[in-house]
Amino acid sequence: MVLVYIDQADQQIKKASLEALSYGAAIAQELGISVEALVLGTVQEDLTSLGKYGANKVHHLKNESLNSLDVKVHTNLVASIAKNLNATVLVFAQNFNGRAIAPAVAVKLEAGIVTGVCSLPNTTNGFVVTKTVFSGKAFAHIKIETPIKVIAINQNSFGLVEYNASTTVENIDLAIPAPSIKITKVEKIEGEIPLTEANLVVSGGRGLKGPENWGILLDLAKALGAATACSRPVSDSDWRPHHEHVGQTGIQIAPNLYIAIGISGAIQHLAGVNRSKTIVVINKDPEAPFFKAADYGVVGDAFEIVPKLTAAVLKAKTT
Amino acid sequence: MKILVCISKTPDTTAKIAFVEGNTKFDETAVQWIINPYDEWYALVRAIELKEKDPATIIHLVTVGGVDAEPIIRKALALGGDEAIRIDCNSNDSFTVANQIAAVAKEGAYDLIFTGKETIDFNSASIGSMLSALLDLPFISLATHFELNGNTASVKREIESGEETAEVNLPVIVSCQKGVAEQRIPNMRGIMAARSKPLKVLTAIETKASTSINHFDLPPAKSGVKLIDPENMDELVRLLKEEAKVI
Ligand SMILES: Cc1cc2nc3c(=O)[nH]c(=O)nc-3n(C[C@H](O)[C@H](O)[C@H](O)COP(=O)(O)OP(=O)(O)OC[C@H]3O[C@@H](n4cnc5c(N)ncnc54)[C@H](O)[C@@H]3O)c2cc1C
């Protein structure tokens, strides 16, 4: 059985988990076994809705104390539930929580793990999965040698697939281990699209000259319904908040569309965004290295081009 | 206070990525090696800052690798730390590496174990989490801020919708990223001092790898950029809609 860990934030199931479920369902189909979902904590959604993305069954350990992650507690629970259910493949999303617990769960299950996976396993000769390495600059095909396999998949690498399976929810009755950490403060960024979940991202670099000029970028992002990002020097200079920094030493993202404005395209920047499906580069220097990694390019002054692009987006919406 | 900092050797961020031996090995020709930036800039520097506050603190650096990892661990010692340990083991399997470090950690009875968020070559982000299971210790991943108050640590970590602060009793494992500390440049005194700091070499313990690399490959090259007239943004929007189908 393939068991998919369903992650939540603020009692809402994460899109990355639905993608992991779609992926787990595809593996189950390939191997001719069932796919089941595991939910810890309380969530607002009706859990039978997980059938949409393929879950044959949903196991739910409903306890509010599990809503925020305690690696030790979550690891112990997921590992013992997986053991009880005889899961042979475990799938996690490679998001904040998934990356924190999946390797520990693998250790507890004596299972081989590959994180950062971006394709379905090849089972013609063993069990080989592909992962991104060198910050997206290459792929490694890795064989998992153990009977139980653990996979953490990159966000936006597989997409959502609807199966519309009928599903039942089973409550798990299991004692919760003592907490190992105590959450004392939560600081939320309200009203923004989280960068790692965004389909569309508009990003700015040093070419925008200063924080006072970000208005044109924000207008474009708003017109598109896009999240915003920036290059490292921009966040280092506090023009933009740190959580917007993408690249090798920032967040790695893979949206459908990445629009880079006034960013030169240094190799360390590209490492964070080169998995984007479509890249648009706006830069006044026709020699900027970013154009080599782009699908569409506009050579010119961002201060003139970006407002025109925003207007064109808004026009296209109304027609 | 005893701190263990995990140090990994990685290719420089600008290294050319290519493979040899039938695409089964990373091509190391002309590659410059560096300390994995997350290990150096955040994990190590924060440990050094803690020692500056409390000079009784002892910092050990640990790396799992061959002799070629020694210049890197010396570089790390030039920034700070009292002693380095190299476990003589060449492996790309995270589980093998974590087991080696766990053996050292058990022996050393550390109050704090720091790792970087991930290495920039394999990007597996697995060691801290695996150590937590192997050592049965709490683990806080993706820390952006770390403070010690006696026997407890207050750690800010990144979550989906922002940040949260957790309090945890020592010993604890923490994976560090931007925010935890600021990059430092080693000075001449540090470089000189590093030469005489002890570097212990340990033989690897027996483990069985749970994964193996089949082969590597490179992503297909982009077909080339399509340049759009800056005066015709309607055309760009049309292409994004009809050709790329992303908006
Ligand atoms: C170890 C290491 C890790 C790093 N990690 C990261 C990382 O994670 N993320 C990251 O982003 N960087 C990272 N860097 C830094 C990286 O090397 C570059 O320095 C950085 O990405 C450059 O940012 P930028 O493109 O905004 O600025 P610049 O390189 O200064 O580029 C500005 C661009 O704006 C263009 N421009 C100027 N004016 C205009 C205008 N009016 N209209 C249109 N275009 C204009 C210019 O032609 C230029 O191409 C790292 C570096 C190192 C050494």
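**Ground rules.** This is a predicted model, where local features need pLDDT of at least 70 and side-chain atom pairs count only at pLDDT 80 or more, while totals for chains, interfaces and linings use all residues. Residues are numbered from 1 along each chain as its sequence is written, chains are lettered from A and ligands numbered from 1 in the order written, and side-chain values use heavy atoms, without hydrogens and water.

**Helix pair.** I looked up helix α2 (residues 71-84) and helix α3 (residues 96-108), both of chain A, and their axes come within 9 Å, crossing at roughly 50 degrees. Helices here are DSSP runs (H or I, at least four residues), numbered from the N terminus. Axes are lines fitted to C-alpha atoms over the stretch in contact, and angles run from 0 to 180 degrees between N-to-C directions.

I then checked who touches whom (contact means heavy atoms within 4.5 Å). From α2(A) I noted residues including A:Val71, A:His74 and A:Lys83, and from α3(A) A:Ile101 and A:Lys108 among them.

Next I looked up polar contacts (N or O pairs within 3.5 Å). A ligand oxygen atom is 2.7 Å from a side-chain N or O atom of A:Ser264. For A:Asn283, a side-chain N or O atom is also 2.7 Å from an oxygen atom of the ligand.

Terms used:
Helix = DSSP H or I, 4+ residues; strand = E, 2+ residues; numbered from the N terminus. Polar contact = N/O pair within 3.5 Å; in protein donor to acceptor, adjacent residues only side chain to side chain.
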